[in-house]
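Hello,

Here is the structure we spoke about, handed over for your use. My notes on it follow below.

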Amino acid sequence: MKHLAFALVFLLSGTAHAETLTLLTEEYPPYNFSKNGVISGASVEQAELMMKAVGTPYSLEILPWARALSLTENQPWTCLFTTGHDDERDKRFKWVEPLLVDRMVMVRKTGSGVNPANVEEAKRFTVGTQRGDFSASYLQKHDFPKIDLAADMETTAKKLLSNRIDLMMTSEKTFQMMRDQGAALESALVLEGKFYGFACNLSVPDALVKGMQAQLDKLIADGTQDRIFVKYGLRPNH
């Protein structure tokens with residue numbers, strides 16, 4: 001009996017010890033970025049507040065987007081943010097959202113004259129975006145013939161400003177921030193809206209996902225999310 005009691009105590013203590021949740025993100029300011037070895041950003045601050053409230057141990061790491069996306073899909077106890085939620089990704093992950101509500105936009109260099117009236121007209125141009133981003137999936141799904149993929153959105157923006165591509169596809173909030181910071185960019189075509197959030201590996205327990213969602217809902221309801229956006233030069237969701 002003593003051995004059985006000891007075994008039960010050992011088993012219960014083992015399950016009580018929470019696993020560490022790996023949070024992956026990318027260099028995509030102002031949502032997630034590193035500076036002097038510190039990872040911060042509008043989405044990172046929300047993630048840290050949520051995880052502190054949930055009480056689950058976590059680690060945070062920045063990786064190239066395509067690698068981070070692949071790891072999240074194949075590595076247990078892993079979540080990726082700030083991830084666009086679309087039909088193609090929907091069943092591949094468990095979702096906690098929205099860290100961000102935004103629309104996609106095609107952006108041109110100021111004064112370039114590139115002015116597509118709709119998606120079909122935009123197909124005449126070379127459109128750049130980030131490899132592995134859901135905007136790349138959008139372009140492929142809609143049969144864009146000239147897609148330029150880069151490792152990150154900063155590289156894509158540099159290509160646009162140096163006339164190596166005609167259009168860049170990004171989120172409207174990101175475009176507005178870049179423009180407010182003085183980038184010579186202007187909107188060419190506004191596309192559909194999207195939710196962005198945490199995409200979690202299917203092994204992440206439902207209870208943890210629900211706990212994270214409850215904490216994110218609180219950040220939204222009490223205005224914390226919008227205050228964080230303003231802090232990083234972004235327009236609030238509401």
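The buried residues of helix H3 pack against strands S1 (21–25), S5, S7 (127–130) and S10, and against helix H4 (87–90). H3 itself covers residues 65–74, and its buried members are Trp65, Ala68, Leu69 and Thr72. Viewed along the axis of H3, these residues fall within an arc of 100 degrees, so they line one face of the helix. An α-helix has 3.6 residues a turn, so residues three or four places apart point the same way. Arg67 and Asn74, on the other side of H3, are exposed. Please keep in mind throughout that this is a predicted model.

Two of the strands that H3 packs against, S5 and S10, are also joined by a disulfide between Cys79 and Cys200. The structure holds 1 disulfide, and the sulfur atoms of Cys79 and Cys200 are 2.1 Å apart. Cys79 sits in S5 (residues 78–85) and Cys200 in S10 (residues 185–200), so the bond links distant parts of the chain, 121 residues apart. Both Cys79 and Cys200 are buried. The torsion about their S-S bond is about 105 degrees, which means that the disulfide is right-handed.

Next, a pair of helices. H2 (residues 42–54) and H9 (residues 206–221) have axes that come within 9 Å and cross at roughly 120 degrees. H2 is therefore oblique to H9, since angles of 65 to 115 degrees would count as roughly perpendicular and those over 145 as roughly antiparallel. The crossing of H2 past H9 is right-handed. On the H2 side, the contact is made by Gln46, Leu49, Met50, Met51, Ala53 and Val54. H9 contributes Leu208, Gly211, Met212, Gln215, Leu216 and Leu219.

Some backbone details are left. The peptide bond from Phe81 to Thr82 is cis, with omega near 5 degrees, and Thr82 belongs to S5. Glu97 and Pro98 are also joined by a cis peptide bond, where omega is about 0 degrees; Pro98 is in strand S6 (residues 94–109).

Which residues have a positive phi although they are not glycines? Asn36 has a phi of about 55 degrees, and so does Trp77. Asn36 is in the loop between strand S2 (33–35) and strand S3 (38–40), while Trp77 is in the loop between H3 and S5. Asn36 has 76% relative accessibility and therefore counts as exposed. Trp77, with a relative accessible area of 17%, is buried.

Regards

Terms used. Residues numbered from 1 in each chain as written. Predicted model: local features only at pLDDT ≥ 70, side-chain atom pairs only at ≥ 80, totals over all residues. Heavy atoms only, no water. Disulfide = S-S within 2.5 Å. Helix = DSSP H or I, 4+ residues; strand = E, 2+ residues; numbered from the N terminus. Buried < 20%, exposed > 50% of the residue type's maximum accessible area, 1.4 Å probe, protein only. Arc of directions from axis to C-beta. Contact = heavy atoms within 4.5 Å. Axes fitted to C-alpha atoms, helices over the stretch in contact; angles between N-to-C directions. Parallel < 35°, antiparallel > 145°, perpendicular 65-115°, else oblique. Left-handed = near helix turned anticlockwise from the far one by under 90°.
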